[in-house]
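Me: I'm new to this one. Can you walk me through the structure?

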Amino acid sequence: MAVYTQLGAEALAALIGEFSVGELVSAKGIAEGVSNSNWLIETTGTGSGPKRFILTMFEGRTEVAELPFFLGLLDHLADKKCPVPRTIHDRTGASFRWIDDKAVTLIEFLPGVSVSEPTAAQARSVGAALAGLHLAAADFPQSRANDLSLAGWRGLIDGCGAEGLASIDPALAGLVAREMAVIEAEWPTDLPRSIIHADLFPDNVLMLGESVTGLIDFYFSCHDIIAYDVAVTHAAWCFSGDGRVFHSDISEALLAGYESVRPLSYAEIAALPVLARGAAMRFLSTRAYDWINTPPDALVVKKDPMAFARRLQFYAANPGVFGA
Ligand SMILES: Nc1ncnc2c1ncn2[C@@H]1O[C@H](COP(=O)(O)OP(=O)(O)O)[C@@H](O)[C@H]1O
Ligand SMILES: N[C@@H](CCOP(=O)(O)O)C(=O)O
């Protein structure tokens, strides 16, 4: 469930009136997502029939000071024909507005659905779309540090404490300690960097058949190692949800799709095993922290940290899956 804030019909109509998009016809809360509140908005449009938009209200997790980066990136990528939603600017030219103390933005609605069991052909398209995003983002003039890299994971893990990790699984603290030591020692420092998505899970990709129609939810995007984004996407797409089953056909298709647009260098391929261990640690650490710290009555469905502990174990035991 991801509508944390109730917005009345009058407030919504007044908000939509600040944009040149026609009049509000309907607004439906969207259940998917965990970070922000989202509504599917329909308006009368401005001449060529009704129009759909997504209205996002930024809840605690997104720093409002960073919105010009996230929203500017969407417009930059849309200008370069990447399948991302363009932001709708209001009549004053602003890309976001305020309702009380919360920032809201209106973005283009994109067709498509998120797949839960991708085919190899779909994975190939996702790999190609990710590479296209990396190429298109290369000259984006703004930057944002990745606060969820090594130091961020370490902070979250320390915040869980050994007892907290043990409350999730008795072996988790040992796994995390061993793996963090390896990842910190082997993390590459000389690979190409650019703007990356950093969270390209299946629920952040919209598809129609085998085509990618939307890359969404850029609110973790940042400047970091490009091949790390490949590793994040690999960890997100190539396993069963619980991390117990690795799908080698999806892995091969995803990497082949990526390389059909942006070939990986030898150094990038050689680094993928440790980058993938880092990617698994990234989602293990946020999920473990949330698992321990989310109040029991919160509306959010907590995500299982062990699904990424299993991926971490898999990557540690199978560095050959990237063909290095
Ligand atoms: N531009 C868009 N076009 C169509 N649907 C969208 C768009 N943006 C978001 N959605 C829908 O809203 C849901 C939640 O959006 P998302 O940005 O992933 O939220 P959160 O940041 O809370 O995870 C998505 O799963 C998708 O169903
Ligand atoms: N993809 C992350 C959760 C991030 O939430 P999102 O809904 O904003 O994509 C995970 O699976 O842990």
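**A first walk-through**

Me: Where does M207 sit?
Reply: M207 lies in strand β8, residues 205-208. Strands (E, at least two residues) and helices (H or I, at least four) are DSSP runs, numbered from the N terminus. Residues are numbered from 1 along each chain as its sequence is written, chains are lettered from A, and ligands are numbered from 1 in the order in which they are written. This is a predicted model, where local features need pLDDT of at least 70, side-chain atom pairs count only at pLDDT 80 or more, and totals for chains, interfaces and linings use all residues.

Me: Is M207 buried or exposed?
Reply: M207 is buried, because 22 other C-beta atoms lie within 10 Å. Buried takes 20 or more such atoms within 10 Å, exposed 12 or fewer, and partly exposed falls in between, with C-beta atoms placed from the backbone.

Me: What is M207 in contact with, beyond four places in sequence?
Reply: G112, V113, V115, Q122, V212 and T213. Contact means C-beta atoms, placed from the backbone, within 7 Å. V113 is 94 residues from M207 in sequence, yet 5.2 Å away, C-alpha to C-alpha.

Me: New topic. What surrounds ligand 2?
Reply: G33, V34, S35, D199, F201, N204, D217, F283, T286, R287 and K303. The cut-off is a C-beta atom, placed from the backbone, within 6 Å of the ligand. The shell has three nonpolar, four polar and four charged residues.

Me: Why does ligand 2 lie between the domains?
Reply: Domain 1 (9-108) and domain 2 (120-322) both give residues to its shell, so ligand 2 lies between them. The bounds come from an automatic or database domain assignment.

Me: And which residues are closest to ligand 1?
Reply: E32, G33, S35, P85 and D217, out of 21 that surround ligand 1. Each of domain 1 (9-108) and domain 2 (120-322) gives at least three residues to that shell.

Me: How many residues are in the largest nonpolar core?
Reply: That core has 81 residues, and A227, A231, L254, L275 and A280 have the most contacts inside it. A core joins buried Ala, Val, Leu, Ile, Met, Phe, Trp, Tyr and Cys residues through C-beta atoms within 7 Å.

Me: Which helix gives the most to this core?
Reply: Helix α8, residues 266-293, with eleven residues. Both domain 1 (9-108) and domain 2 (120-322) give residues to this core, so it lies between them.

Me: What does L254 touch?
Reply: Beyond four places in sequence, L254 touches A123, R124, V126, G127, T233, H234, W237 and C238.

Me: Last one. How many helices and strands are in the chain?
Reply: Nine helices and ten strands.

Note on methods:
Nonpolar A, V, L, I, M, F, W, Y, C, P; charged D, E, K, R; others polar. Contact = placed C-beta atoms within 7 Å.
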